[in-house]
Amino acid sequence: MLIELINVSHVYQDENNVKALKNINLEINKGEFIGIVGHTGSGKSTLVQLFNGLIIPSSGTVKINGKNITNEKSNLKETRRHVGLVFQYPEHQLFEETVYQDIAFGPKNLGLNKDEIQARVNEVMELVGLDYDEFKARSPFNLSGGQQRKVAIAGVLALKPDVLVLDEPSAGLDPQGRKQLAELLQYLYQELEMTIILISHRMEEIAELSSRVIVMHQGEIVIDDNPVEVFSKEQKLHKLSLDLPQITEILHRLDERGLKVNTSLFSVSEASAEIIKALRSK
Ligand SMILES: Nc1ncnc2c1ncn2[C@@H]1O[C@H](COP(=O)(O)OP(=O)(O)OP(=O)(O)O)[C@@H](O)[C@H]1O
Ligand SMILES: [Mg+2]
């Protein structure tokens, strides 16, 4: 098992003493694509920061690759190599003079030699879709928002983590940027067999990409199931202030009006084919 949380609770120690996580038990295996959703303040970001030891919980146990990281602080550096975390608006953490230097920062810290570093930078720039010769010497601060986000993600991928955790990676991107990001995540998951953990409030993204969806509410995991099951619970999701993917919502409305359609579809292309089929057979 890759990540295991046992009776984990977390209270932020400040004047409010918010109980951000309440008695979480969770197992994540290698090769899963986990989508995490939940209303603002439900504890999503707090949860994923436990996965690489950025937050040590107030109580309970966190195990990464079988190692208890809640009491062996010395292992945290190693843990962070295995679990790469891309924060929300990661471009705010770009700081080097060139794209090359920014992406090379992590591999340098790992003590790799110059050739290895260059090979990695080259490889991850290609992965995220940034032309090496065109972008290596550019300043990260003169790039578009979407390009900056790619540099930030490349910097985490350059550490070759087993698990990639992304907190709202599509926030603020235009449709084209979101499409490229979704394609990248799909590639990492399917072709490179990476374990992916994705926080997003875009239900269509979660439904299309995830093999398993975790729904959080007030610091607890309230649903943990495959996307078809999760997005069939329309009433329950609405109570948690969550929506269905837009296209799935349309299928539900058509179904209510008597058009016989499969309501467990999440992509526009599948859904439109389904609607055409249903209309033809009427
Ligand atoms: N650094 C912090 N210090 C104090 N309280 C915090 C801190 N970070 C989060 N909280 C509180 O902990 C709770 C959970 O917050 P968290 O950021 O994990 O939620 P979230 O699901 O990621 O929300 P969002 O969708 O807005 O990103 C909230 O009540 C929040 O106000
Ligand atoms: Mg958050």
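**From the domains to the ligand shell**

Mentor: Domain 1 and domain 2 bury about 480 Å² between them, and carbon and sulfur atoms supply 70% of that area; buried area is the accessible area (1.4 Å probe) that two parts lose on being put together, summed over both. The model is predicted, so that local features need pLDDT of at least 70 and side-chain atom pairs count only at pLDDT 80 or more, whereas totals for chains, interfaces and linings use all residues. Residues are numbered from 1 along each chain as its sequence is written, chains are lettered from A and ligands numbered from 1 in the order in which they are written, and side-chain values use heavy atoms, without hydrogens and water.

Domain 1 covers 3-228 and domain 2 covers 245-282, with bounds from an automatic or database domain assignment. Taken over C-alpha atoms, their centres are 33 Å apart. To the contact (heavy atoms within 4.5 Å), domain 1 contributes 6 residues and domain 2 contributes 5 residues.

Turning to the ligand, the shell of ligand 1 consists of Tyr12, Asp14, Val18, Ala20, His39, Thr40, Gly41, Ser42, Gly43, Lys44, Ser45 and Thr46, each with a heavy atom within 4 Å of the ligand. By class, 7 of the shell residues are polar, 3 nonpolar and 2 charged; Ala, Val, Leu, Ile, Met, Phe, Trp, Tyr, Cys and Pro count as nonpolar, Asp, Glu, Lys and Arg as charged, and the others, Gly among them, as polar. Helix α1 (residues 44-50) gives the most to this shell, with 3 residues; helices are DSSP runs (H or I, at least four residues), and strands likewise (E, at least two), numbered from the N terminus.

A polar backbone atom of Gly43 is 3.0 Å from an oxygen atom of ligand 1. For the side chain of Ser45, an N or O atom lies 2.9 Å from a ligand oxygen, and for that of Thr46 the distance from a polar atom to a ligand oxygen is 2.5 Å. The protein buries 63% of the 640 Å² that ligand 1 exposes when taken alone, by the Shrake-Rupley method with a 1.4 Å probe.

Val18, one of the shell residues, is also touched by Val11, as are Asn17, Lys19 and Ser58, leaving aside residues up to four places away in sequence. Val11 itself belongs to strand β1 (residues 3-11).

How values were computed:
Polar contact = N/O pair within 3.5 Å; in protein donor to acceptor, adjacent residues only side chain to side chain.
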